[in-house]
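Hi,

Here is the structure I promised to pass along. Have a look at it first, and then read on for what turned up.

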Amino acid sequence: MTVRRVMPILRSDTAQENREFYGLLGFEEVMDLGWILTLASPSVPSAQISFMTSDKTAPITPDMSVEVDDVDATYAVVRGSGAEIVHPLQDEEWGVRRFFVRDPNGRVINVLSHR
């Protein structure tokens, strides 16, 4: 299993203000689906931060995303460990396959792979 990217997700209803503020730090918009805005560093594209009003298909807003090379294999390992799965493994219309798991601190992690 290979981790490709780790990205914090901040719950926010102020997308434009975040776009402007983090633009001062050099971030640029790479995705805006209306309910989630992702900004990235142009020089280090894997350095990203997202702002989410609420998740489109899940009942809970995750705290962080971890992109892996094989989400199905990761799901099997995590599920086998007995960790709490809080959103099932599924394909999403925006091109990812993902699930949510709760970490030992109570934070919700969105684990995903791009299809």
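The largest pocket is lined by 18 residues, and those nearest its centre are Arg 5, Met 7, Met 31, Ile 36 and Trp 94. Please keep in mind that this is a predicted model. The volume of this largest pocket comes out at about 250 Å³. By residue type, its lining splits into ten nonpolar, six polar and two charged residues. Several strands contribute: β1 (3–11), β2 (28–32), β3 (36–40), β4 (48–52), β7 (96–102) and β8 (108–114) each provide at least two residues of the lining.

The other part to look at is helix α2, which covers residues 71–81. Its buried residues are Val 71, Thr 74, Tyr 75 and Val 78. They lie on the same side of α2, because they cover an arc of only 100° around the axis. The elements that cover these buried residues include β5 (64–68), β6 (85–91), β7 and β8. On the face of α2 turned away from the buried side, you will find the exposed residues Val 77 and Gly 80.

Both ends of the helix are worth a click as well. At the start of α2, a side-chain oxygen of Asp 70 comes to within 3.2 Å of the backbone nitrogen of Asp 72. After the helix comes Gly 82, with a positive phi near 90°.

Enjoy exploring!

Best wishes

How values were computed. Residues numbered from 1 in each chain as written. Predicted model: local features only at pLDDT ≥ 70, side-chain atom pairs only at ≥ 80, totals over all residues. Heavy atoms only, no water. 1 Å grid on protein atoms, 1.4 Å probe; cavity = no way out; pocket = protein on both sides within 12 Å on 5 of 7 lines; lining within 4 Å. Points joined across faces, edges and corners; volume = space filled by probe spheres on them. Helix = DSSP H or I, 4+ residues; strand = E, 2+ residues; numbered from the N terminus. Nonpolar A, V, L, I, M, F, W, Y, C, P; charged D, E, K, R; others polar. Buried < 20%, exposed > 50% of the residue type's maximum accessible area, 1.4 Å probe, protein only. Arc of directions from axis to C-beta. Contact = heavy atoms within 4.5 Å. Polar contact = N/O pair within 3.5 Å; in protein donor to acceptor, adjacent residues only side chain to side chain.
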